[in-house]
Structures are given as structure tokens and as C-alpha cells.
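Subject: Structure for your review, with notes

Dear colleague,

Please find the structure below, followed by my notes on what was found in it. I have spelled out each term where it comes up.

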4 protein chains.
Amino acid sequence: MIRQRQHPAATQRTTRLEAFTDGVFAIAATLLVLDLTQYSLGDVDSDAEMWAAVGGMGELFLNFALSFVLLCLMWMVHVQQFEHVARVDGTMVWLNNARLLFIVLVPFATNLTTEYSDYLAGRLAMPLTFFLAILFSWLQWMWAVSRREIMLPDMTREDAVAYGRSSLSALIIAATVVLLSPWIGSLAFLLFFVDPWLTRALRGKGV
Amino acid sequence: MIRQRQHPAATQRTTRLEAFTDGVFAIAATLLVLDLTQYSLGDVDSDAEMWAAVGGMGELFLNFALSFVLLCLMWMVHVQQFEHVARVDGTMVWLNNARLLFIVLVPFATNLTTEYSDYLAGRLAMPLTFFLAILFSWLQWMWAVSRREIMLPDMTREDAVAYGRSSLSALIIAATVVLLSPWIGSLAFLLFFVDPWLTRALRGKGV
Amino acid sequence: MIRQRQHPAATQRTTRLEAFTDGVFAIAATLLVLDLTQYSLGDVDSDAEMWAAVGGMGELFLNFALSFVLLCLMWMVHVQQFEHVARVDGTMVWLNNARLLFIVLVPFATNLTTEYSDYLAGRLAMPLTFFLAILFSWLQWMWAVSRREIMLPDMTREDAVAYGRSSLSALIIAATVVLLSPWIGSLAFLLFFVDPWLTRALRGKGV
Amino acid sequence: MIRQRQHPAATQRTTRLEAFTDGVFAIAATLLVLDLTQYSLGDVDSDAEMWAAVGGMGELFLNFALSFVLLCLMWMVHVQQFEHVARVDGTMVWLNNARLLFIVLVPFATNLTTEYSDYLAGRLAMPLTFFLAILFSWLQWMWAVSRREIMLPDMTREDAVAYGRSSLSALIIAATVVLLSPWIGSLAFLLFFVDPWLTRALRGKGV
């Protein structure tokens with residue numbers, strides 16, 4: 001077991017973790033369309049009724065696009081983190097699994113928020129799911145930083161901490177979205193546009 | 001962060017972008033079959049009725065095959081583009097995400113065009129979805145060309161521009177298909193067979 | 001475009017073709033389960049009724065397992081072929097797409113064969129789909145052999161031809177299954193167990 | 001066929017087997033969500049009723065999370081095994097396919113266990129499916145150990161055997177879960193927490 005001896009025991013390469021993660025993100029993003037295909041347009045007898053029926057899918061389209069964009073955003077965060085992560089241990093893989101559990105829930109939460117937007121539980125479903133996914137994304141980076149010699153060999157401590165600030169920024173925004181969504185619904189997600197500025201503020205003037 | 005320093009800040013390798021893209025294309029292409037499995041053949045009492053029922057799925061099969069072929073075509077364009085793209089920045093990834101958003105919509109648009117081909121909105125669904133996907137494919141290449149030193153280091157400016165002509169050709173054809181489809185429906189997609197000649201015409205005699 | 005110049009124009013690496021193919025196979029194989037989850041067990045009031053209901057899914061399970069095993073077999077053939085294929089051209093990619101079109105149809109054909117096994121069209125659905133997939137698998141290899149210098153640089157002509165014999169063997173068996181299935185149904189697929197012997201016979205004593 | 005000659009005939013690299021496996025695991029894990037999206041919350045007229053309806057999905061959520069965690073666990077076992085496996089032969093690929101067959105069945109078994117937990121067949125569905133998947137995982141490792149020179153070139157015989165003990169531990173626990181589940185249902189899966197201690201006990205004091 002020569003190859004293994006060179007590396008700390010019980011750590012592994014990230015290739016397959018990345019492949020599994022890319023697969024789950026791609027499938028979750030694509031399954032969002034099932035919400036659209038399974039929607040019944042009802043009886044349609046003229047072009048005017050057809051346009052009205054398609055127009056009636058407005059909120060469905062909006063939440064579909066919103067979940068797709070947020071999934072892409074979270075996938076990009078994962079890609080950026082693992083540009084730096086060299087090896088992972090068991091804890092890291094389980095934090096990744098927890099993160100993916102909430103990614104898998106996105107099509108369900110999107111469906112719930114669209115169909116039951118009149119009720120508190122419906123309005124909370126999407127924000128809460130994304131908040132929990134982002135929470136585990138942040139925990140994963142914190143864990144990597146705490147095992148920096150093994151997992152982030154190419155990064156200085158300063159870079160790693162500064163980098164963690166963008167995860168923290170996303171986490172703070174996601175928590176705020178959860179708090180605001182009972183009042184303003186999916187509009188609250190527009191807060192994510194503030195992310196670049198909040199990241200910069202958290203990093204301080206230095207980076 | 002030595003490895004990163006060698007490359008322009010905020011760019012990354014294309015490996016995972018390609019994996020995510022391949023995943024989304026593969027899933028969208030495979031989900032097309034759900035349209036077939038969810039179709040009910042109705043009551044069947046004899047071999048003759050069974051053949052008639054299968055024959056009645058003709059348009060369904062046609063649009064299934066058409067969407068599959070177009071998805072394959074668009075996937076091949078992506079592969080050819082990224083044979084040349086060395087690194088991507090944030091804008092490039094978002095243009096890729098927008099492109100994938102419309103790829104994910106293909107099973108829904110196919111379903112709509114098949115079920116509601118009597119109405120304008122139904123006949124436009126597939127052509128419009130493919131047009132928008134191709135539009136972002138063209139924008140992505142234009143962006144790569146404008147950052148040629150970083151993203152297309154192996155290509156001369158002339159090659160890159162000539163290459164963009166095939167994207168432009170596809171875009172022009174897709175726009176024409178949108179304009180023709182209200183009158184001739186999915187038949188309009190046959191225009192894509194003109195692609196090689198139009199590409200050659202756009203490139204001029206040189207390339 | 002230095003890197004490209006080293007290779008024949010309009011050919012590309014096989015990495016992404018393999019990733020796309022693996023994705024389509026994995027999804028088609030996994031979607032087979034939807035046939036099982038969407039089956040309604042009906043009213044169940046006791047353990048005895050429950051066992052009877054599960055037992056009544058027998059044919060469903062059988063065709064599920066059969067399609068899964070055949071998909072695995074066809075995936076293995078693809079893997080073995082592309083252990084040798086170094087580069088592909090446009091024709092090769094389109095032959096691969098045609099092959100995948102029928103792989104994508106497998107969940108639909110399986111569903112049809114299970115639900116309509118009383119009718120000829122139902123009994124033919126699975127055998128015909130697999131036959132067409134294997135036909136394109138054979139055509140793809142024939143094309144690779146005809147462009148051997150570019151696509152199979154590591155193989156001697158003799159090895160390549162001998163190798164094509166196993167594709168031919170599978171093709172002959174698949175055609176026979178199509179012919180037998182109207183009489184003996186899915187049982188005909190047991191013929192695939194003859195494959196190793198037929199391959200050897202076709203290769204002659206030499207290989 | 002120079003490249004091939006260096007390796008034992010009829011063996012191949014593990015890259016695509018790993019890609020196919022990652023794909024099947026990712027899709028099976030993501031399809032679990034369909035069980036949630038297809039559940040109807042029924043008529044809801046107030047926030048109180050909505051919370052009650054969501055609360056009524058408790059068992060559904062529990063079995064969803066349980067299957068997701070078990071799938072992740074089994075995927076991690078596969079990853080760890082194939083960190084060591086260098087090449088595979090036909091038998092190895094078929095054992096992998098059998099393993100994946102039961103992974104694909106997980107969404108169906110989860111559905112059965114959730115909906116029919118009052119009946120023996122329902123309570124057995126999930127434990128039995130995972131037991132069979134783990135059985136083939138163990139058989140696969142045993143086969144690799146028996147062809148150690150080719151398949152596990154980097155491992156000493158002692159390491160390989162010790163490593164097999166963790167597969168054996170999982171197998172013993174899975175069998176016990178099958179035996180206990182008729183009485184205590186999905187609670188029996190908590191036994192998997194004993195895994196680290198049982199593995200250590202089976203390995204003896206040495207490793």
C-alpha cells in the first residue's frame with residue numbers, strides 16, 4: 001500500500017466526490033422541469049385561451065428559474081471551494097453528503113413554495129432548504145480550514161480565512177431571506193445580489 | 001496559493017463545467033422518454049387496435065426524436081467549443097448556466113409542442129427554447145473571443161472568428177425556424193440541414 | 001491552434017463522448033425503477049394480500065431486471081470498444097448519438113413489453129429497441145475500423161476485425177431474438193448466453 | 001495493440017466503471033425526492049392545516065433521509081474500495097452491475113417501506129435491498145482479493161484481508177437489520193452505528 005502511505009491515513013482524492021456532486025446538482029437542476037411538465041394547462045379552445053393558460057404558469061416559471069439559478073450559484077461555490085481542496089477525510093465527505101441532501105430537496109421545496117405560497121410553511125420551504133445547504137457549505141469550508149495542512153496545502157492561512165468570508169456572506173444572506181420570506185415571499189431572494197458587497201465588507205479593506 | 005497565481009485571478013479549469021454540462025444534457029435527453037412512458041395507449045383489445053394505438057403515437061415519436069437529435073447537436077457544439085476553451089471566468093460560467101437553463105426546458109417545450117400543436121404558443125415552444133439556447137451558445141463564444149489570451153490561448157484570432165461563424169449560422173437558422181414554425185410547425189427544423197452551407201457562406205472563401 | 005494541427009482536422013478526444021454516454025446509460029438504467037414505483041399495488045388488507053400483490057409484480061420485476069442486465073451488457077460493449085478508440089470524427093459521434101437514442105427508449109420499450117405482452121407490438125418493443133441499439137454499435141465499430149489509422153492507432157487490422165466479430169455475434173443474436181419473441185416473448189433474450197460461443201465460432205480458430 | 005499487451009488480457013481501467021457507478025448513485029439518490037413531490041398534501045385551508053399536513057409527511061421524510069444516508073454510505077464504501085482497485089475483469093464488472101441493480105431499486109423499496117409499513121413485505125423491502133447491495137459489495141472485494149496481483153497491486157495481502165473485514169462487518173449488520181426489521185421496522189438501521197466497533201473487533205488487535 002505504498003501509494004496510500006504517502007498521504008495521511010483515511011483521506012482520499014476528491015475526483016469522485018466531485019463527480020458525485022456534479023451528478024446530484026445536474027439531476028436536481030434538471031428534475032425541476034418535471035414541475036412544469038406535470039402541470040396541467042386545462043381545457044384550451046383558442047389561441048387566446050392558450051396564451052392565458054401559459055401566462056397562468058408565470059409563478060411556476062419564476063420559481064423554476066429562481067431555483068435553477070440558485071442551484072447554479074451553489075454549484076459554482078462548490079467548484080470554487082474544490083479548486084483548492086486537495087484531499088478529503090470522512091468528516092468532509094459526510095458534510096458534503098449533508099449539503100447534497102438539501103440540494104436533492106430543492107425540487108420538492110420549489111414545488112411546495114409554488115403551490116402553497118398562501119401559507120407560511122409554503123413560503124418558508126425554498127428559503128429554508130437553501131439556507132441549510134449553504135450552512136453545510138460553510139461548515140465544510142470551516143472544517144477544511146481547520147485541517148489546512150492536509151486539505152488546502154496550496155493556500156496560506158490568510159487566503160483560506162478570507163475565502164471563508166464569502167461562504168459566511170452567503171450564509172448571512174440566506175438566513176435573512178428565511179426571516180423575510182414570510183412577508184415578501186420569493187422576492188427575498190433578490191438579497192443575493194448584495195453578496196459581492198457583503199463579502200467585500202466582511203473581508204475588510206485588506207483583501 | 002501558488003498554483004492559482006500562475007493563472008489570472010477568478011478563472012478556473014473547465015473540467016467540472018464540462019462534467020456538469022454533460023450531466024444536464026444527458027439527463028434532459030433521457031427525460032424526453034418520460035413523455036412516451038406517460039402517454040396512455042387507452043383500451044386495446046386486439047393486435048389491430050394495438051398497432052393503431054402505437055401508430056397514433058407518431059407525432060409524439062417524431063418530436064421525441066427531433067428534440068433528441070437537436071440536443072445531441074447542441075451538445076456537440078458545446079464539446080467543440082470547449083476543445084478550445086482553456087479556462088473560464090465567472091461571466092463565462094453564467095452564460096453556460098443560462099444556456100443550460102434552456103436545455104433543461106427542452107422536455108417541457110417538446111411536451112407543449114406535441115400536445116398543443118393546434119395553437120401558436122404550442123408551435124412556438126420548441127423553436128423558441130432552442131433559439132434561446134443557441135443564442136447563449138453564441139454569446140458564450142463571443143465572450144471567449146473577447147478574452148482570447150486567457151480563454152483561447154491555442155487559437156489565432158482569425159481561427160476564433162471563423163469558428164464563431166458556425167455559431168452565428170446556427171443562430172440565424174434557429175431564428176428563421178422561430179419565424180416559420182407558426183405556419184409549418186416542426187417541419188421548420190429541417191432548415192438545420194442547411195447549416196453546413198450557411199456556415200461556409202458566412203466564413204467566406206478563405207477558411 | 002497548434003494542439004489541433006497535430007491531429008486530423010475535425011476529430012476530437014473521446015473523453016466527453018464517454019462521459020455523455022455513461023450519463024445516458026446510468027440514467028436510462030435508473031429510470032427503469034419508475035416503472036416499479038408507479039405501479040399501484042391496489043387495496044391491501046393483510047400480510048397475505050400484500051405478498052400476493054408483490055408476487056403479482058413478478059413479470060414487472062423480470063422485465064426490469066432483464067432490461068437492466070441488457071443495458072449493463074451494452075454499456076460494457078461500449079466501454080470495451082472505447083478502450084481502443086483514440087479519437088472520433090463527426091460521423092462517429094452521430095452513430096454514437098443514434099445508439100444512445102435507442103438506449104433512451106429502453107425504459108419506454110420495457111414498459112410496453114410488460115403491459116402489452118398479449119399483443120405482437122408489445123412483445124416486439126424490447127427486442128426491436130435492443131436490436132437497433134446493437135446495430136448502431138456494430139456500425140460504429142465498422143466505421144472505426146475503416147478509419148483505423150486515426151481512430152484505432154493501437155490495434156492491428158487483424159485484432160480490429162476479430163474484435164468486430166463480437167459485435168457481429170451480438171447483432172445476429174439480437175436479430176434472432178426479434179424473430180423469436182412473437183412466439184416465446186422475453187424468454188428469447190436467453191439466447192444472449194450463446195454469445196461467447198458464437199463469437200468464438202465467428203472468429204475462427206485463430207483468435 | 002501495444003498498450004493492451006502490458007496488461008492481462010480482458011481487464012480494463014476503472015475510470016468508466018467509476019463514472020457509471022457515480023452516475024447511478026447520484027440519480028438513485030436524487031430520484032428519492034420524487035416520493036416527496038408526488039405525495040399529495042390534500043386540501044389545505046389554513047396555516048394550521050398546512051403545518052399538520054407537512055407534519056403528516058414525517059415518516060416519508062424519515063425514510064427519505066434514511067435511504068439518502070445509506071446510499072451515501074454505500075457510495076463511500078465503493079469509493080474507498082476503488083481507491084485501491086487498479087484494473088477490473090469481466091466478473092468484477094458483473095458483480096458491480098449486480099450491486100448497482102439493488103442501488104437502482106432503493107427508491108422503489110423506500111416507497112414500499114413507507115407506504116406499506118403495516119405489512120411484513122413492506123417492512124422488509126428496504127432492509128433486504130440494502131442487504132443484497134452490501135452482499136455484492138462484499139463479493140466484489142473478495143473477488144478482487146483473490147486476483148490481488150492484477151487488481152490490487154498496491155496492497156499487501158494482510159491489508160487487503162483486513163480491509164475486507166469492514167465489508168464483512170457491514171454485511172453482518174445488514175443481515176441483522178433484515179432479521180430485526182419485522183419487529184422494530186426502520187429503527188433497526190440504527191445498528192449501522194455499531195459498524196466502526198464491529199469492524200475493529202473483526203480485524204482483531206493487529207490492525
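To begin with the interface of chains B and C, the contact (heavy atoms within 4.5 Å) takes 41 residues from chain B and 35 residues from chain C. Before going on, please note that this is a predicted model, in which local features need pLDDT of at least 70 and side-chain atom pairs count only at pLDDT 80 or more, while totals for chains, interfaces and linings use all residues. Residues are numbered from 1 along each chain as its sequence is written, chains are lettered from A and ligands numbered from 1 in the order in which they are written, and side-chain values use heavy atoms, with hydrogens and water left out.

The size of an interface is often given as the accessible area lost when the parts come together. Between chain B and chain C the buried area (accessible area, 1.4 Å probe, that two parts lose on being put together, summed over both) is about 3,400 Å², and carbon and sulfur atoms give 70% of that. On the chain B side, B:T30, B:W75 and B:E83 supply 19% of the area that this chain buries against chain C, which is more than any other three residues. There are 3 salt bridges between chain B and chain C, a salt bridge being a side-chain nitrogen of Lys or Arg within 4 Å of a carboxyl oxygen of Asp or Glu. The side chains of B:D22 and C:R16 meet in a salt bridge, at 2.8 Å from N to O.

For chains D and C, 36 residues of chain D are in contact with 41 residues of chain C, and the two chains bury about 3,400 Å² between them, with 70% of it on carbon and sulfur atoms. The count of salt bridges between chain D and chain C is 3, and the side chains of D:R13 and C:E83 meet in a salt bridge at 3.2 Å, N to O. By contrast, no contact joins chain A and chain C, whose closest C-alpha atoms lie 9 Å apart, and no contact joins chain B and chain D, whose closest C-alpha atoms also lie 9 Å apart.

Over all chains the structure holds 12 salt bridges. In one of these, the side chains of D:E83 and A:R13 meet at 3.2 Å, N to O; D:E83 lies in helix α4 (residues 58-84) of chain D and A:R13 in strand β1 (residues 11-13) of chain A, so the pair joins two chains. Helices (H or I, at least four residues) and strands (E, at least two) are DSSP runs, numbered from the N terminus. Chain A comes to 9 helices and 2 strands.

Finally, which helix of chain B is packed against α4(B), and how are the two directed? The axes of helix α4 (residues 58-84) of chain B and α5(B) come within 9 Å and cross at roughly 170°, where axes are lines fitted to C-alpha atoms, for helices over the stretch in contact, and angles run from 0 to 180 degrees between N-to-C directions. That makes α4(B) roughly antiparallel to α5(B), since angles under 35 degrees count as roughly parallel, over 145 as roughly antiparallel, 65 to 115 as roughly perpendicular and the rest as oblique.
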